[in-house]
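Take a look at the model below. This report follows one contact between two parts of the chain.

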Amino acid sequence: MEIEYGKEYMFNKSQQQAINFFKGPAMVLAGPGSGKTTVITHRIKNLINKGVAPESIMVVTFTKAAAVHMEKKFTELMAEGHRTYPVTFGTFHGIFFKILRMSLGYKGNCIVTERTKYDILREIVLRKHIESDNTQELIQGIIGEIGNIKGNMVDLIDYESKCCKKEEFLLVYREYEKTLSKEKKIDFDDILLRCHELFVKRPDILKQWQNVYRYILIDEFQDINTIQYKTVKMLACPDNNIFIVGDDDQSIYGFRGACPEIMGQFTKDYENGETIIMNINYRSGETIVAASENLIKNNKNRYEKNIIPNTKGGKEVDVRQFKNKNQELLYVAKKIKKYLEKGVKPSDIAILVRNNSQIPEISDFLKNVSIDSKSKKGEKSIYRGMVAEDIINYIKAAITYDKMPLRDNDSFIKIVNKPQRYINLAVIGENSIDFEELRKIYQESKEITDNIEKLKFHFDMVRKLNPSGAITYIKHGVGYENYLRKYAIDHNMKREALIKQMDDIYNEALKYNTLKEWIWSIENEKNNRSQKDKEGINIITMHGSKGLEFKIVFILDANQGVVPTSKAVRERDYEEERRVFYVAITRAIEELCVYGVAQSLGCDVEMSMFANEIIC
């Protein structure tokens with residue numbers, strides 16, 4: 001069945017072309033607001049109407065949330081027939097692990113969590129005495145580089161680390177891999193590698209899966225990495241019914257190993273493939289689209305799309321520079337209040353920033369002028385900080401440590417190495433054990449067995465005390481205050497701020513007589529907070545805004561050193577930063593405001609080069 005313009009849905013020519021595409025390879029370049037989700041779901045429907053078995057269709061996205069959303073849209077589209085259609089929707093990791101599970105018997109408990117991965121690397125970094133001004137940032141950097149090496153099949157010997165010395169990175173990487181091998185675990189990046197290795201070594205198994213998935217659709221293709229591309233190419237053979245949808249101008253996950261250049265490689269690998277450009281923007285007005293085009297044309301390595309707005313006219317983009325942050329926020333608050341008085345919903349307004357660290361100051365300022373806001377960080381609470389969570393988890397672990405296996409005790413897992421006790425979380429996760437069995441596992445290490453016995457003693461002491469007494473004991477008896485002192489140094493933080501969190505919790509705990517009473521009140525507050533459906537202005541990072549849209553968008557702190565970040569040094573870095581800014585401004589439907597400051601922390605600062613580019 002050929003979908004035509006004007007029948008049931010109003011599709012433009014390029015959308016029709018994409019929906020009606022049947023066999024072979026195709027690349028759809030889908031600009032912002034061009035309706036790609038609708039096109040993908042209608043193409044699936046069209047394939048089924050043409051006789052393709054639903055179970056032979058595989059739809060790949062890059063997040064679970066996107067897969068669930070896509071499947072929901074497809075289900076709603078097909079609801080009229082009151083049938084279920086077994087199309088596979090999933091992420092690369094999810095689908096490739098399914099292949100490993102069904103072909104080689106892999107089980108879910110063989111995958112280390114991201115938290116365990118972090119803890120393993122942190123233990124290695126501390127044990128090997130690798131120095132850093134910010135240990136957390138170092139470990140996050142190492143995690144990203146490990147993913148890049150595995151995801152883009154980089155030769156380890158030739159790799160030059162950006163976050164530590166080459167020999168240090170090699171040491172950490174090898175120790176990490178040795179730990180995974182010893183514990184018979186894999187990480188999420190290994191799922192991709194193992195599936196690729198399986199297909200290379202076992203053409204018979206590859207053939208089986210090629211027969212299962214005859215039609216492959218990939219959303220957000222610009223975020224793909226080398227190992228994902230090579231594996232899915234093998235899976236698509238020999239029919240090569242591979243349909244990719246993406247926008248190289250919205251590739252903003254280079255730090256995760258995304259490689260937008262693969263879109264260019266696709267057209268070389270499939271020379272006879274069709275290229276479809278969906279360039280009508282149904283979201284943003286003419287002035288916003290013009291600004292976005294002015295910006296992104298400065299990137300050299302990209303596909304030209306010539307985005308056309310479906311809505312003509314619109315307010316001019318408001319670009320301003322204020323003397324300082326306070327003046328910037330005062331002006332924003334004044335504009336927001338005017339919008340709200342005119343009946344604009346708070347949820348239709350968004351403030352976008354480059355980094356999470358910018359959010360609290362903006363949120364606090366708006367609160368002080370009686371404007372509600374919301375972000376992924378949620379509302380403030382005395383119990384939300386790291387220190388509060390650690391104290392609460394210590395107390396919960398003390399109360400429950402002998403009532404369940406240690407691996408099932410989330411509170412115990414979270415504080416077992418705070419301070420460092422060199423207890424491997426993978427060992428706990430793999431065995432259903434108690435304290436005595438844990439001690440036996442480490443019986444050859446007096447230091448660790450002493451740590452285990454001391455921790456059990458601390459738990460027994462804490463559970464006997466009232467809330468304020470327990471906090472005092474954790475602070476001094478357990479050595480948590482010393483841990484905070486070292487943590488502050490490692491993370492380049494002020495120790496006083498962390499100690500203040502502990503003092504605030506102590507003062508709150510004085511109101512309660514028993515640990516159980518206090519813990520109950522904390523859980524009750526948490527439940528009330530989650531049930532409170534508070535609507536407010538959205539404050540989101542530029543990365544977090546991807547896939548969203550708002551009537552009115554403010555971009556704040558549009559200054560050099562913020563966006564583009566001061567870490568951008570190569571042309572490749574600047575192009576990615578420009579794509580991040582492009583994603584941010586294309587979230588706006590009706591109005592776009594781009595604001596920066598002239599002074600920050602007592603120093604003169606320049607407006608972002610991107611703010612200047614959008615008005616050229």
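This is a predicted model. In it, 14 residues of domain 2 touch 15 residues of domain 4.

Where do these domains sit in the chain? The protein chain is divided into four stretches or pairs of stretches, as the table shows.

| Domain | Residues |
|---|---|
| domain 1 | 14–104 + 192–278 |
| domain 2 | 112–185 |
| domain 3 | 308–379 + 535–614 |
| domain 4 | 386–530 |

Now the pair itself. The C-alpha centres of domain 2 and domain 4 are 26 Å apart. The size of an interface is often given as the accessible area lost when the parts come together. Here, domain 2 and domain 4 bury about 1,300 Å² between them. Of that area, 46% lies on carbon and sulfur atoms.

Which residues of domain 2 lose the most area to domain 4? They are Arg115, Arg122 and Glu183. Together they make up 34% of what the domain 2 side buries.

The most comes from α5, with seven residues. By class, the domain 2 side that touches domain 4 has seven charged, five polar and two nonpolar residues.

Terms used
Residues numbered from 1 in each chain as written. Predicted model: local features only at pLDDT ≥ 70, side-chain atom pairs only at ≥ 80, totals over all residues. Heavy atoms only, no water. Domains from an automatic or database assignment. Contact = heavy atoms within 4.5 Å. Buried area = accessible area lost by both parts, 1.4 Å probe. Helix = DSSP H or I, 4+ residues; strand = E, 2+ residues; numbered from the N terminus. Nonpolar A, V, L, I, M, F, W, Y, C, P; charged D, E, K, R; others polar.
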